[in-house]
Amino acid sequence: MDVTNGAWESLATTGGADGPGAVGVIIGIVGLAVVLLLIGGFWFGMRRRDKESRPPRPEEQPPRPDHRTEIQETGKHGSSDSFPENGHALSPYELGSHGNEVIPPDTERPRD
């Protein structure tokens, strides 16, 4: 039983202007162009990296000073970690300056 009613020729021409093989050739050309673009980008990146100065060797690093030149503070902010007594959440306008004051440092010294 022939369900196409003899329309095989019209089905074959819907694949492209030159037939179904032309689509494969076009996809191959596009794929080759993408691969060439990727290779060109990699090559361009390597050329740019070669023009950059090399990182300094350990003996070329500046010497470390004998004394501290900066003070790093890692203070905790906020006055308390407790929740409101009535159990409701605070809105932004209710916070005020909560969280802006520095908590005093711990009594124990951190281990080096």
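Reply: A salt bridge here is a side-chain nitrogen of Lys or Arg within 4 Å of a carboxyl oxygen of Asp or Glu. Arg-57 and Glu-59 meet that rule, at 3.0 Å from N to O. The model is predicted.

Start with the pairs. By this rule the count comes to three salt bridges. Side chains of opposite charge can pair when their charged atoms come close. Arg-57 takes part in the bridge to Glu-59. Arg-57 also meets Glu-60, again with 3.0 Å between N and O. These salt bridges share partners, and Arg-54, Arg-57, Glu-59 and Glu-60 are joined into one network.

Now the exposure of each member. Arg-54 has 49% relative accessibility, so it counts as partly exposed. The cut-off matters here, because exposed means over 50%. Arg-57 is partly exposed at 41%. Glu-60 is partly exposed too, with a relative accessibility of 37%. Glu-59 stands at 60% and therefore counts as exposed. Buried would mean under 20%.

Along the sequence the pattern reads α-α-α. Buried residues make up 2% of the 112 residues. The protein exposes about 11,400 Å², and carbon and sulfur atoms supply 60% of that area.

A nonpolar surface patch is also present. Ile-26, Val-30, Val-34 and Leu-38 form it, with about 390 Å² of accessible area together. Leu-38 lies in helix H2. Its relative accessibility is 60%, so Leu-38 counts as exposed.

Last, confidence. The mean pLDDT of the protein is 75, and 57% of its residues reach 70 or more. Helix H2, residues 20-51, has the highest confidence, at a mean of 93. Helix H1, residues 8-12, has the lowest, at 54.

To return to the part you asked about: the network holds Arg-54, Arg-57, Glu-59 and Glu-60.

Terms used. Residues numbered from 1 in each chain as written. Predicted model: local features only at pLDDT ≥ 70, side-chain atom pairs only at ≥ 80, totals over all residues. Heavy atoms only, no water. Helix = DSSP H or I, 4+ residues; strand = E, 2+ residues; numbered from the N terminus. Buried < 20%, exposed > 50% of the residue type's maximum accessible area, 1.4 Å probe, protein only. Areas by Shrake-Rupley, 256 points an atom, 1.4 Å probe, with all protein chains shown as cover. pLDDT = per-residue confidence, 0-100. Patch = residues over 30% accessible without salt bridge, like charges linked within 9 Å, V, L, I, M, F, W, Y side chains within 5 Å.
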